[in-house]
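Hi everyone, thanks for making time for this.

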Amino acid sequence: MDRVPGHAWLMVLAAAVLVFVASAVPLAPAETVGTQVVDQAAQIVATYSNGDVNLWRVAGSGALVVTGLLLLLFFYRRRLYILFWTGGWLLVSARMFLAAPPLDRGDKVSLVSFGVSQFLGILSALFFVISADAYPARPRVRRGYALVLLAVLFWFALAPMALDDWAVFAPGHVLIAGAMAAAGVGHLLLLRQVRMLGAAVVGVSLILIAASHVWVILRVEMAGAPGMTGSLAFSLILYLFAALGMQLMTFEDMTLELRRTNRRLEAAQSKLRRMVITDPLTGCRNRRFFEEIIGRELQRHRRYGIPM
């Protein structure tokens, strides 16, 4: 954009505060309820992962279904923010499918796939950031942003081959957490313009997804560790709430647009009626106005005996 808005810095600061506050629960002792829930989720999901079900592929398939639903909504509504939502979910689906195969640190292709999956997670989060900006107005994106993303792509694709997966594991989750937090705060800021429950659900869900990535940074040592399973299970629930919030926000936007259209129609009808019963030259009421009220005044005269 040409100029950073004044509230952008407040948004970044609020995102940082919310991420650290939300990640305070995983920092508690291991005996806390939250850690027990995550561990139980990890055990449950590990049971499925040891079988024929791959949780990453399930997540990718689910994200692909959400992409299709949002695409149908875009064809119906033609709203730019829905298109960015659709792109974000498509990137989430691609990231999940790339991360589905077990990481083989001796295979260069596996390392590159893991690095690219991390980059796709960052890119999907940025799409959600832009979607929040695209709701009130059309976002303006500089070409320099594409060059920065291209440099980031080169790092995440090539660094794992030279430095192993740790070179993109923590940086990827840090960038995803920051972008998701910014997207969540951006959706929450929409509440200052319109009162929509869907925007609140999406904003809170994205912020909690950012917190889950912070949890991975602090508690998981490397890719493929057991803690990743519990984090993925928790993230899937949050992504589900985010998808439901997006559907709700779309229908709330339709209702809001209908109310605005009805108000404009009522205002136009009121203006048209004033023009019909007013003489344009003198500004006084004309004969049509007299014909409209004479019947009502005669009835009042007969009923109450008041003078004409």
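I'll start with the overall fold, then go to a group of charged residues, and finish with a cavity and one of the helices around it.

Two housekeeping points before we look. This is a predicted model, so please keep in mind that local features need pLDDT of at least 70 and side-chain atom pairs count only at pLDDT 80 or more, while totals for chains, interfaces and linings use all residues. Residues are numbered from 1 along each chain as its sequence is written, and side-chain values use heavy atoms, with hydrogens and water left out.

Let's begin with the fold. The protein chain has ten helices and zero strands. Helices (H or I, at least four residues) and strands (E, at least two) are DSSP runs, numbered from the N terminus. Reading along the sequence gives the pattern α-α-α-α-α-α-α-α-α-α. Of the 308 residues in the protein chain, 38% count as buried. Here buried means under 20% relative accessible area, exposed means over 50%, and partly exposed is in between, with a 1.4 Å probe and protein chains only.

What about contacts along the chain? A contact means heavy atoms within 4.5 Å. If you take the contacts in the protein chain with a separation of 6 or more, residues 24 or more positions apart account for 72% of them.

Now to the charged residues. Side chains of opposite charge can pair when their charged atoms come close. For us, a salt bridge is a side-chain nitrogen of Lys or Arg within 4 Å of a carboxyl oxygen of Asp or Glu. The structure holds four salt bridges.

Which residue forms a salt bridge with R77? That is E257, and the closest N and O atoms are 2.7 Å apart. E257 lies in helix α9 and R77 in helix α3 (residues 55-77), so this pair ties together parts that are 180 residues apart in sequence. E257 is partly exposed, at 30% relative accessible area, whereas R77 is buried, at 11%.

E257 also meets R79 in a salt bridge, at 2.9 Å from N to O. This pair links distant parts of the chain, with E257 in helix α9 and R79 in the loop between α3 and α4, 178 residues apart. R79 has a further salt bridge with D253, where the closest N and O atoms are 3.9 Å apart. Here, too, distant parts of the chain are linked: D253 is in helix α9, 174 residues from R79. R79 is partly exposed, with a relative accessible area of 25%, while D253 is buried, at 7%. Put together, R77, R79, D253 and E257 are linked in a network of salt bridges.

While we're in that loop, have a look at R78, which is also found between α3 and α4. R78 has a positive phi of about 60° although it is not a glycine. Is R78 buried or exposed? R78 is exposed, with a relative accessible area of 57%.

Next, the cavity. On a 1 Å grid over the protein atoms alone, a cavity is a set of points where a 1.4 Å probe fits but cannot get out, and lining residues have an atom within 4 Å of a point. Searching the whole structure finds one cavity of 30 Å³ or more. The largest cavity has a volume of about 100 Å³, a volume being the space filled by probe spheres set on the points, which are joined across faces, edges and corners.

Which helix gives the most to the lining of the largest cavity? That is α9, with five residues. At least two lining residues come from each of α4 (80-99), α8 (197-219) and α9. Among the lining residues are W56, R95, H173, S212 and Y239. The lining divides into six nonpolar, five polar and one charged. Ala, Val, Leu, Ile, Met, Phe, Trp, Tyr, Cys and Pro count as nonpolar, Asp, Glu, Lys and Arg as charged, and the others, Gly among them, as polar.

Last, a word on α4. This helix is mostly covered, with 14 of its 20 residues buried. At 1.5 Å a residue, the 20 residues of α4 should span 28 Å, and its end C-alpha atoms are 29 Å apart, which agrees. The expected span is 1.5 Å times one less than the number of residues in the helix.

Conventions. 1 Å grid on protein atoms, 1.4 Å probe; cavity = no way out; pocket = protein on both sides within 12 Å on 5 of 7 lines; lining within 4 Å.
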